[in-house]
Amino acid sequence: MAIADELELVRAQALADIAAAKSSEELDKVRVAVIGKSGALTKYLRSMGEVPKEERAQVGRAVNEARAVVEEALAARKETISQDELAAAIDAAAVDITLPGRAQQIGSRHLVSRITDEISEVFLGLGYNVVEGPEVETDYYNFTALNAPADHPSRSMADTFYVVDRSGEKSAVKGESDVLLRTQTSGVQVHTMEDQELPIYIIAPGKVYRRDVADPSHLPQFHQIEGLAIDKGITFGDLKGTLEFFCRQVFGQDRKTRFRAHYFPFTEPSAEVDVSCGICHGEGCRFCKHTGWLEILGCGMVDPNVLEMSGIDSEVYSGFAFGVGVERVACLKYNVPDLRMLLEGDMRFLRQF
Ligand code: DAH
């Protein structure tokens, strides 16, 4: 075959391969195969010596022309492929802005915190201050200074969480300790009587701990709000009026309250306060165990002994105290049948409040 025809074939094949190349790599392979060091066209330039003299100039021109055409085709194809590849990369990285977004869950105050605030507001409005006491207490503040007899069952290791010093102190060796997780906020009464000037009007919200297994009406850790008022001439009438006002503010004007005689070591006389059931309105139902009433707090006139132990003259001053369970109030206010529901973190439940 004449060289001119061969060149024509090589050129046609090269242009076809260039057109068929689908990626930069494929195109580069074609380039190497045609105009690379030992490419199909380059071969002709290298073997120019074998071409008869009189044909050399003509063949040379034809090879160079073929080369120029191929190079041009390569450049054009390269441009198209780069654009396609860029477009594909952009497509692959594209964000579908029509997809619905993921909503952020915005937190809110827990019902227990809300009720604590609500109760605190009522007493702040009556001129009380809010104070806090330690959750890790000594036996003295939790029991002794509150008149709790040394043989009271709640003082046993099996009934209260004791913080045992394992460093080898004498009490720890014997397995005894006088440091405990407070079982009630009542110890804050003692701290306040020791530290503050009279008269005293305080409430003290906080966590308390009991060796109770969680069930619908018990939790091993819960919140109380303690109240203490000490002044000259405080009577049981002040206690009743204050707590009745508190109950109506929190539960609503339509709920009734009643005081039932009870016993607490640090108050005399003592009472428990019930509020009428919000579900049956006093008729009797499962929620109120068919009594029509729900117990919400303990209270009483501060025992003169307790005043004296904290250095207050019980001949001059008198006072009342009360303790409310916050989880209990939350459940009774919103008719929640099980205290444990407050702790489960179920948003469907918590969002209702
Ligand atoms: N501390 C008691 C308890 O945890 C509740 C209580 C009762 C507190 C009578 C008081 C009170 O201040 O006067 O069961």
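**Salt bridges, helix packing and nonpolar cores**

Because R11 and E8 are three residues apart in helix 1 (residues 3-20), about one helical turn separates them; helices here are DSSP runs of H or I with at least four residues, strands are runs of E with at least two, and both are numbered from the N terminus. The model is a predicted one, in which local features require pLDDT of at least 70 and side-chain atom pairs are counted only at pLDDT 80 or more, whereas totals for chains, interfaces and linings draw on all residues. Residues are numbered from 1 along each chain as its sequence is written, and side-chain values rest on heavy atoms, with hydrogens and water left out.

The side chains of R11 and E8 form a salt bridge with an N to O distance of 3.9 Å, the term denoting a side-chain nitrogen of Lys or Arg within 4 Å of a carboxyl oxygen of Asp or Glu. R11 is partly exposed at 22% relative accessibility, and E8 is likewise classed as partly exposed, at 43%; in this scheme buried means under 20% relative accessible area, exposed means over 50%, and partly exposed covers the range in between (1.4 Å probe, protein chains only). In total, the structure contains 11 salt bridges. Another of them joins the side chains of E118 and K333 at 2.5 Å, N to O. Since E118 belongs to helix 5 (residues 111-125) and K333 to helix 11 (residues 326-334), this pair ties together parts that lie 215 residues apart in sequence. E118 has a relative accessible area of 22% and is partly exposed, and K333 is also partly exposed, at 22%. A further salt bridge links R348 to D346, with the closest N and O atoms 2.8 Å apart; R348 is exposed, at 66% relative accessibility, while D346 is partly exposed, at 26%.

Two packed helices are described by the angle between their axes and the distance between the axes. For helix 2 (residues 24-35) and helix 4 (residues 53-92), the axes approach within 10 Å and cross at roughly 170°, where axes are lines fitted to C-alpha atoms, for helices over the stretch in contact, and angles between N-to-C directions run from 0 to 180 degrees. Helix 2 is therefore roughly antiparallel to helix 4, a label given to angles over 145 degrees, with those under 35 counted as roughly parallel, 65 to 115 as roughly perpendicular and the rest as oblique. On the helix 2 side the contact (heavy atoms within 4.5 Å) involves S24, L27, R31, V34 and I35, and on the helix 4 side R67, V70, E71, L74, R77, K78, I81 and E85. Six of these residues are nonpolar, one is polar and six are charged, with Ala, Val, Leu, Ile, Met, Phe, Trp, Tyr, Cys and Pro taken as nonpolar, Asp, Glu, Lys and Arg as charged, and the others, Gly among them, as polar.

The largest nonpolar core comprises 46 residues, of which L243, F246, I296, L297 and F322 touch the most other members; such a core is a set of buried Ala, Val, Leu, Ile, Met, Phe, Trp, Tyr and Cys residues joined through side-chain atoms within 4.5 Å. When residues up to four places away in sequence are set aside, F246 touches I119, V122, F123, I296, L297 and V324. A second, separate core of 20 residues has L146, I230, I312 and Y317 among its members.

Within helix 11, the residues V326, E327, V329, A330, C331 and L332 are buried, and the buried residues of this helix pack against helix 5, strand 5, helix 9, strand 8 (293-302) and strand 9 (318-325). Just after helix 11, N335 adopts a positive phi of about 55°. D338 is located in the loop between helix 11 and helix 12 (347-350) and is buried, with a relative accessible area of 15%; apart from neighbours within four places in sequence, D338 contacts D215, P216 and C331.

Two further loop positions were examined. T235, in the loop between strand 5 (221-231) and helix 9 (236-251), is partly exposed at 40% relative accessibility and touches M301 and F320, residues up to four places away in sequence not being counted. C277, in the loop between strand 7 (267-276) and strand 8, is buried at 0% relative accessibility. With residues up to four places away in sequence again excluded, C277 touches R255, G282, C285, F287, C288, G292, W293 and L294.
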